[in-house]
Structures are given as C-alpha cells and as structure tokens.
Amino acid sequence: GGVNAKITDINGGQLSNRNLFVNGGARIAQRGTSETGVTSSGYKTVDQFKVGLASLGTWTVSQETDAPAGFSNSLKMDCTTADSSPAANDVCAIDTFVEAQNLQVLEYGSASAVAATLSFYVKSNKTGSGTVSILQDDNSNRCINVSYTISSANTWERKTISLPADASGVINNDNGRGFIIEYWLNSGSTYTGGSAQTDWGSLDNTNRNFANLGIGGSTDDYWMITGVQLEVGEVATAFEHRSVGDELLRCYRYYYRTNPANGAMFGTGFQYSATSVLGLISFPVPMRANVTAVEQSGTASDYGVIGSQSTVTNTAVPSYGGDANDRVLNVNFTISSGSFSTGDAVFLRSRDNDAYLGFSAEL
C-alpha cells in the first residue's frame with residue numbers, strides 16, 4: 001500500500017531561507033540596546049536597521065521587548081525633541097538594504113522576472129498612512145513607492161507591500177546594494193506632495209514620502225517595527241523565525257563587534273618593535289567587503305596585551321594596521337611597559353566591560 005503524506009500549509013512557516021532580509025525580527029543588536037540624543041543618520045542599535053535622519057528632531061533609538069505574539073524584539077524610534085514644521089530637505093526614516101547577489105532569484109532585467117512581497121509589523125501612537133519606498137541602487141534608483149495604513153493606535157499590525165516583477169530592472173550580481181528599502185516616518189516638502197508609484201519607474205523624490213505619517217511632530221510620537229520579511233512570490237507567508245545563532249552569523253557579514261567583557265580575548269599578535277605590538281583579528285565569517293577601519297570604544301587602559309613574560313599596557317587605543325581583507329584585519333598597539341622581546345607572541349584582550357573593537361562592511 002501507499003503512504004499518506006500530510007500536505008502542510010506554507011503559511012504554517014516551513015521551508016527555510018524564504019526571508020531575503022537579515023535580522024527582520026530585530027533580535028540582534030551588537031551596538032547596544034538603546035541610544036539617546038540621536039540627531040544624525042547611522043546604525044544606532046538593531047543590526048541592519050539604519051536611521052536616516054537630517055535635521056528632524058531628536059530621538060531615542062532602542063531595541064525593545066514589546067513585540068507581536070511570537071516575536072521577542074522590535075526596533076523603536078521615540079521622539080524626544082519634536083519638529084512640528086520640517087524644512088524642505090528634512091528627513092526621518094529607517095533605511096534597510098538587501099545585498100544584490102542575494103536578489104538574483106528575482107531575475108530582474110529578464111522576461112523571467114518574478115514578483116516579490118515585503119511584509120512587516122508596525123506599531124505607533126499615530127494612525128494614518130505611511131510610505132515605503134523600494135529603490136534599485138544599480139538602476140538609477142528606479143523605484144516603487146507604496147502606502148500602508150496604521151488603523152489602530154498603539155497596536156501591532158502586519159502590513160504587506162507588493163513588488164511587481166521588473167523585466168527592465170537591474171540588480172547586479174555582486175556584493176553591493178540590490179534594494180534600498182525606506183520606511184518613512186516624516187520629511188519636508190522635497191519628499192512629499194507626490195503620489196503612489198505602484199509600478200517600477202523613474203525616481204521622483206516627491207513620491208518617496210507621498211503618504212506622510214508625520215512622526216516626530218510631537219514628543220508623544222513613536223514608531224516601531226519588527227517581523228520584516230522579503231520573499232519571492234505574491235503571497236506573504238508566515239515570518240521565518242531563524243535561530244539566534246543563525247541570525248547573528250548573518251549579521252556578522254555586515255558588522256562585527258568584539259566581546260566587551262573584562263578579560264575577553266579578541267585576537268593574537270606579536271611584539272613588532274620595542275614600542276608596538278601588531279595584532280591579528282579574525283572575523284567569525286567572511287565580511288561582505290574588505291574592512292578598512294577599526295571602530296573603538298574606551299581609552300588606552302581599557303585594552304591589554306598578554307604574553308609569556310608579562311602584561312603590557314598600551315598608550316593608544318588599537319588602530320587600523322592595514323593588510324585587511326574580508327576575513328582578517330591587523331591592528332596596532334603602542335605599548336608603554338613590559339619586558340617583551342621583538343617577535344614574542346601575545347594575546348589581545350579587553351580590560352574593561354565597555355571596551356570593544358568594531359568592524360563594519362555595511363551596505
């Protein structure tokens with residue numbers, strides 16, 4: 001006799017690697033869980049979510065445990081200094097990116113191009129329509145601009161955005177930006193006044209925030225997001241919950257921060273001269289691109305060098321030493337005490353709970 005197979009519903013959540021976006025559940029926050037007084041653009045807390053901010057208020061950006069059922073975390077933008085009358089070029093948005101070679105499955109630029117769906121959960125004190133813009137970085141920012149509606153204040157709601165197939169699209173098969181996905185919170189008139197653009201077409205800045213939520217006009221305003229999923233097809237399936245370990249490794253491709261715990265070892269090296277140590281940092285996964293700078297926290301006394309003879313303290317925070325690629329990077333330590341000899345092997349470590357080195361290959 002035959003075997004009866006149970007047909008399961010794709011919306012039940014099986015089938016891995018559906019989600020083309022990294023850290024959509026906001027679980028990984030290598031840079032910390034909260035940053036206050038934010039007035040400029042940059043990655044602030046949750047990995048893969050970049051604040052796009054130009055002269056529009058002051059914000060606290062945080063990873064929160066307030067989330068929809070089945071989720072543990074979200075990203076929150078909380079207005080602490082309002083701007084009720086943004087100037088023309090003022091901007092407040094959350095910018096996210098998808099690596100181009102991960103989007104080849106869409107087959108843009110060919111007759112075989114396929115549709116995709118973006119979904120996410122959003123929560124805010126404000127109701128009304130907001131705008132999501134998706135731009136093709138390799139194609140003069142050819143874009144679509146679509147609205148979603150927050151129906152109930154202070155309530156998690158799931159939204160879906162349709163991305164039609166684009167036979168005229170261009171997404172290069174490389175490690176650059178394939179999609180730029182902008183979640184607009186507020187802006188000045190440069191980015192408003194236009195209309196929806198539901199089919200792929202040329203960039204018109206007035207369409208990018210045509211449905212303006214106006215978040216940031218009051219210090220009561222906040223906006224939260226989680227459950228971001230970009231997938232092939234015209235149907236939004238259940239969010240793909242990956243393990244924390246899997247998600248962390250995916251985040252490491254774009255940003256890696258050493259453990260700031262006191263006494264944590266983060267690399268090896270050798271005594272290069274009487275006053276310097278050359279250290280080697282190995283990344284846990286290949287970075288997206290060659291790393292050419294070191295992000296530091298702390299002062300000289302927060303870092304240490306340990307070897308077979310004595311402990312050495314440095315007189316400067318570690319600096320970029322060159323010879324970097326996507327897997328390793330050299331750092332230089334200038335030392336002030338110890339009895340090493342040139343060529344001696346050493347370990348590099350943190351001497352403070354807040355000291356870390358960061359390495360970025362962000363899109």
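Good morning. The structure before you is a prediction, and I shall begin with the protein as a whole. The secondary structure comes to one helix and 21 strands. The protein has 363 residues, and buried residues make up 50% of them. The protein exposes about 14800 Å², of which carbon and sulfur atoms supply 45%.

Two further overall values deserve mention. Taking contacts between residues at least 6 apart in sequence, 76% join residues at least 24 apart. As for charge, there are 22 positive and 34 negative side chains, and the centres of these two sets lie 4 Å apart.

Let me turn to the interior. In soluble globular proteins, nonpolar side chains tend to be buried together. In this model the largest nonpolar core has 47 residues, and those with the most contacts inside it are Leu118, Phe120, Leu163, Phe179, Tyr183 and Trp223. Which strand gives this core its largest share? That is strand E2, residues 50–64, with five residues. There is also a second, separate core of 24 residues, which includes Val285, Phe340, Val346 and Phe359.

I now take strand E5, residues 116–124. Nine of its nine residues are buried, so E5 is largely enclosed by the rest of the structure. Ala116, Leu118, Phe120, Val122 and Ser124 point one way from the strand, while Thr117, Ser119, Tyr121 and Lys123 point the other way; all of these are buried.

What are the pairing partners of E5? One is strand E8, residues 157–163, which pairs with E5 in the antiparallel sense over seven bridges. Within that pairing, Thr117 has Ser162 in E8 as its bridge partner. Another is strand E11, residues 222–232, also antiparallel to E5, with eight bridges. There, Leu118 is the bridge partner of Leu230.

Strand E9, residues 177–187, is mostly covered, with ten of its eleven residues buried. E9 runs antiparallel to strand E4, residues 91–99, and nine bridges join the two. In this pairing Val98 stands opposite Phe179 of E9. Strand E6, residues 128–136, is likewise antiparallel to E9, joined by five bridges, and here Leu135 stands opposite Ile180.

Leaving aside neighbours within four places in sequence, Tyr183 is in contact with Ala93, Ile94, Thr96, Leu118, Phe120, Thr131, Val132, Trp223, Ile225 and Val228.

Several individual positions may also be of interest. Tyr222 is placed in strand E11. Is Tyr222 buried or exposed? Its relative accessible area is 11%, and it therefore counts as buried. Beyond its neighbours within four places in sequence, Tyr222 is in contact with Lys76, Met77, Asp78, Lys123, Ser124, Asn125, Asn154 and Ile215. Ser112 lies 110 residues from Tyr222 along the chain, and their C-alpha atoms are separated by 41 Å.

Ser297 belongs to strand E15, residues 295–297. With the limit for burial set at under 20%, Ser297 counts as buried because its relative accessibility is 19%. Not counting residues up to four places away in sequence, Ser297 touches Tyr303, Asp354, Ala355 and Tyr356.

Ser168 is found in the loop between E8 and E9. Apart from its neighbours within four places in sequence, Ser168 is in contact with Gly109, Asn139 and Arg142. Ala29 is 139 residues away from Ser168 in sequence and 36 Å away in space, C-alpha to C-alpha.

Finally, I would draw attention to two backbone angles. Gln48 has a phi near 80°, a positive value in a residue other than glycine. Gln48 sits in the loop between strand E1 (34–43) and E2, and with a relative accessible area of 5% it is buried. Glu107 also has a positive phi, near 55°, and is again a residue other than glycine. Glu107 is placed in the loop between E4 and E5; at 39% relative accessibility, it counts as partly exposed.

Thank you for your attention.

How values were computed:
Residues are numbered from 1 along each chain as its sequence is written. This is a predicted model: local features need pLDDT of at least 70, side-chain atom pairs count only at pLDDT 80 or more; totals for chains, interfaces and linings use all residues. Side-chain values use heavy atoms; hydrogens and water are left out. A nonpolar core is a set of buried Ala, Val, Leu, Ile, Met, Phe, Trp, Tyr and Cys residues joined through side-chain atoms within 4.5 Å. Buried means under 20% relative accessible area, exposed over 50%, partly exposed in between (1.4 Å probe, protein chains only). Helices (H or I, at least four residues) and strands (E, at least two) are DSSP runs, numbered from the N terminus. Contact means heavy atoms within 4.5 Å. Two strands pair if DSSP finds at least two bridges between them. Accessible areas come from the Shrake-Rupley method with a 1.4 Å probe; for residues, only the protein chains shown count as cover. Lys and Arg count as positive and Asp and Glu as negative; His and the chain ends are not counted. The place of a charge is taken as NZ of Lys, CZ of Arg, CG of Asp or CD of Glu.
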